[in-house]
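Subject: Structure handed over, with notes

Dear colleague,

Please find below the sequence and the structure that I promised to pass on. My notes follow directly after them, and I would be glad if you read them with the model open beside you.

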Amino acid sequence: MARSDDGDIFERAAAEDRIVVSADTNFGALLALRQEENHRSSSSAGPGKRRPDAQVKLLLANVPNVKESLENGAVVVLEDARVRVRPLPIGE
């Protein structure tokens with residue numbers, strides 16, 4: 001799905017009850033704009049570009065702490081120094 005439209009990615013993730021993991025921090029904002037509760041997204045953010053092995057390490061280190069939030073519908077942003085969790089839908 002690397003070349004898929006963002007909307008197609010969200011729709012497939014919802015249909016298959018999956019969590020979208022992206023290095024693109026736009027995904028969280030796009031998800032918030034959709035005003036839906038059944039989507040989940042995790043993105044890895046921070047200054048500069050992180051190597052794939054470092055991204056995987058950051059994700060795996062934080063999954064136990066954010067698992068429940070993601071299962072309940074949330075946008076999670078992982079940074080080196082902090083983790084941000086925003087329950088969905090945002091803005092209600």
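In these notes, contact means heavy atoms within 4.5 Å. With that cut-off, among contacts in the protein chain between residues at least 6 apart in sequence, 41% join residues at least 24 apart.

Before the details, some words on provenance. This is a predicted model, in which local features need pLDDT of at least 70 and side-chain atom pairs count only at pLDDT 80 or more, while totals for chains, interfaces and linings use all residues. Residues are numbered from 1 along each chain as its sequence is written, and side-chain values use heavy atoms, with hydrogens and water left out.

Overall architecture

The protein chain has 3 helices and 4 strands, where helices (H or I, at least four residues) and strands (E, at least two) are DSSP runs, numbered from the N terminus. Read from the N terminus, the order of these elements is α-β-α-β-α-β-β. Of the 92 residues, 35% count as buried, a term that stands for under 20% relative accessible area, with exposed meaning over 50% and partly exposed in between (1.4 Å probe, protein chains only). The accessible surface of the protein chain is about 6200 Å², and 49% of it belongs to carbon and sulfur atoms; these areas come from the Shrake-Rupley method with a 1.4 Å probe, and for residues only the protein chains shown count as cover.

Helices α1 and α2

The axes of α1 (residues 6-15) and α2 (residues 26-33) come within 11 Å and cross at roughly 70°, the axes being lines fitted to C-alpha atoms, for helices over the stretch in contact, with angles running from 0 to 180 degrees between N-to-C directions. The two helices are therefore roughly perpendicular to each other, as angles of 65 to 115 degrees are classed, whereas those under 35 count as roughly parallel, those over 145 as roughly antiparallel and the rest as oblique. On the α1 side the contact is made by D6, I9 and F10, and on the α2 side by F27, L30 and L31.

One of these residues, F27 of helix α2, is buried, with a relative accessible area of 6%. The C-alpha atoms of F27 and D6 are separated by 7.9 Å, although the two residues are 21 apart along the chain. A32 is also placed in helix α2, and it counts as buried at 14% relative accessibility. If residues up to four places away in sequence are not counted, A32 touches L88 and I90.

Helix α3 and what follows

Helix α3 (residues 52-72) bends by about 65° at P64, the bend at a residue being the angle between axes fitted to the seven residues ending there and the seven starting there. The buried residues of α3 are L58, N62, V66 and L70. An α-helix has 3.6 residues a turn, so residues three or four places apart point the same way. After α3 comes G73, whose phi is positive, near 100°.

V76 lies in strand β3 (residues 74-78) and counts as buried at 0% relative accessibility. The C-alpha atoms of V76 and V21 are separated by 9.4 Å, the residues being 55 apart along the chain.

A loop residue to check

Most residues other than glycine have a negative phi, and most peptide bonds are trans. D17, which is not a glycine, has a positive phi of about 50°. D17 is found in the loop between α1 and β1 (20-22), and it is exposed, with a relative accessible area of 55%.
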